[in-house]
Amino acid sequence: MAINASFFSSKELSVGVGIDNSAVGTAATSFTYIEADSVTPPTFNDIKIERRGGSGSGIMTATTDMFHWGKGATIEGSVSGYMTDALVPLLMSNVLGTAVSSNSWTVDGTSTSNVTFEHADSSPLSNKTLTFAYNGVGSSTDDCLEVPGCVITSLTLSADPNEDGGRMKFDASWISRTRIAIGGTYDASVSTGAATYSEDYVYLGDYGYNTQVDATDVLLKSFSMTIENPVVFGGFGGSGANGTPQTYIRSVPEMIITVNPVLKYDGACDQLWE
């Protein structure tokens, strides 16, 4: 049998994101494609134990020597790419746990929105869980998958007017404890309209206060903001046989937002030292 000289490129792996359909943990039926520059395939943290006690004898490993259990295990992944107008409400609402209102979010020390919600909750869904879908690169659809019940635990937004045409980029990490099915589910549920990438890029200049820090006009070189909002999966709910969580608890122990602007130091910045 001859060696196959062709190969797959990571650029062929496309990824989309959508709001869970009808209830938390129910896979979305439509997705927004991500123009990604880095995609990490999901990590399945299944329980795997080799040399299961009493399962075999001798030196050679047999199939019965491996204990594999996926129920109740978490699934993790990450993706980075260009932010678009369509992705902003999806990613920001989820990581903050706060539904968008008038194209803005307000976060302060009293924010308690969506700290806890249940598996299979129905409404609203925009600030609870997402489905990340991966379209495989093979000739068949056996390597396509959807991961519902995803919560973004870290989202970094960055922009530099001298890089990537000034377009804003993002880096998101997510986690889920909802079991998934592999094979063709992505292709079957993606609408025709999602087959193209959105070019409605987000620029730092799109924002009304893009040249202000601490309410002072400055010359901004670059901007980076990281939102970290962890989640704890509590109990067994939905379908206990599948290991799905009963409760999602956000912001434990806390939500952290870090902003890192790089700007020209001049007289307008003196107040930052005070």
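E199 is exposed at 64% relative accessibility (exposed is over 50% relative accessible area, buried under 20%, partly exposed in between, with a 1.4 Å probe and protein chains only). The model is predicted, so local features need pLDDT of at least 70 and side-chain atom pairs pLDDT 80 or more, while totals for chains, interfaces and linings use all residues. Residues are numbered from 1 along each chain as its sequence is written, and side-chain values use heavy atoms, without hydrogens and water.

E199 sits in the loop between helix 2 (185-189) and strand 11 (212-213); helices (H or I, at least four residues) and strands (E, at least two) are DSSP runs numbered from the N terminus. Together with D85, D200 and D206, E199 forms a negative surface patch. Such a patch joins like charges within 9 Å, using residues with over 30% relative accessible area and no salt bridge.

The structure has four salt bridges, each a side-chain nitrogen of Lys or Arg within 4 Å of a carboxyl oxygen of Asp or Glu.

K221 is partly exposed at 45%, whereas D160 is buried at 10%. D164, K169 and D37 are linked in a salt-bridge network.

There are zero disulfides (pairs of cysteine sulfur atoms within 2.5 Å). C150 is buried at 0% relative accessibility, and C269 is buried at 1%.

Terms used: Patches are made of residues with over 30% relative accessible area and no salt bridge: like charges are joined within 9 Å, nonpolar side chains (Val, Leu, Ile, Met, Phe, Trp, Tyr) within 5 Å. Accessible areas come from the Shrake-Rupley method with a 1.4 Å probe; for residues, only the protein chains shown count as cover. Lys and Arg count as positive and Asp and Glu as negative; His and the chain ends are not counted. The place of a charge is taken as NZ of Lys, CZ of Arg, CG of Asp or CD of Glu.
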